[in-house]
Amino acid sequence: MALAPDDQMRCLVYINLSKVFLRTRPLDSARYAKEILNIAEAKPIQKGSALINLAGASLYLGNVDDIIKYSTEAIKPEYGLPPVYKGIAYVNLAAGLLQKELYEEALEAAENASALHPRSKEAY
């Protein structure tokens, strides 16, 4: 089912606001990302992108459990995220796992990120 024009526009606006506020206003970023998850007609890729933004906001807020939860959810195939986006989710996951001192799992997530996201090789 295609999104109604209003829902599609709302998803686009919310995802962009979520990205813009990620570093400077992570609570607002998370709020807009959660709004996307609540739009029943949102496309899976939009929800996956919102999950990545939620993980990123959680990283800035220091909520390690949410970083891991949202990143793990975002990498699921049903969201249909392109490889670069999945790579970002794996980078977030690695950061959360490192904070939990789960080093083997963090290394695995970093290796997955490196395989999927072209710039992640520079970080690792």
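Which residue forms a salt bridge with D65, and how many Å apart are the closest N and O atoms? I found that K100 is the partner, with those atoms 2.7 Å apart. For the term, I count a side-chain nitrogen of Lys or Arg within 4 Å of a carboxyl oxygen of Asp or Glu.

A note on what I'm looking at: this is a predicted model, where local features need pLDDT of at least 70, side-chain atom pairs count only at pLDDT 80 or more, and totals for chains, interfaces and linings use all residues. Residues are numbered from 1 along each chain as its sequence is written, and side-chain values use heavy atoms, with hydrogens and water left out.

**Salt bridges.** I got 5 of them in the structure. D65 sits in helix α4 and K100 in the loop between α5 and α6, so this pair ties together parts 35 residues apart in sequence. Helices here are DSSP runs (H or I, at least four residues), numbered from the N terminus. D65 has a relative accessible area of 47%, which makes it partly exposed, and K100 is partly exposed too at 40%. My cut-offs were buried under 20%, exposed over 50% and partly exposed in between, with a 1.4 Å probe and protein chains only.

Next I checked K69, which bridges to D66 with the closest N and O atoms 3.7 Å apart. Both lie in helix α4, 3 residues apart, or about one turn of the helix. I also noted a network of salt bridges linking R25, D28 and R31.

**K76.** I found K76 in the loop between α4 (64-74) and α5 (83-99). Its side chain meets that of E73 in a salt bridge at 2.9 Å, N to O. E73 is partly exposed at 23%, and K76 likewise at 32%. I also looked up G48: it is 28 residues from K76 in sequence, but 8.5 Å away in space, C-alpha to C-alpha.

**Helix pair.** How do α3 and α4 pack? I read an angle of about 160° for α3 (residues 44-61) and α4, with their axes 8 Å apart. The axes are lines fitted to C-alpha atoms over the stretch in contact, and angles run from 0 to 180 degrees between N-to-C directions. The two are therefore roughly antiparallel, a label for angles over 145 degrees.

**E101.** Last stop: E101 has a positive phi of about 60° although it is not a glycine. I placed E101 in the loop between α5 and α6 (103-116), and it is exposed at 53%.

Technical notes. Parallel < 35°, antiparallel > 145°, perpendicular 65-115°, else oblique.
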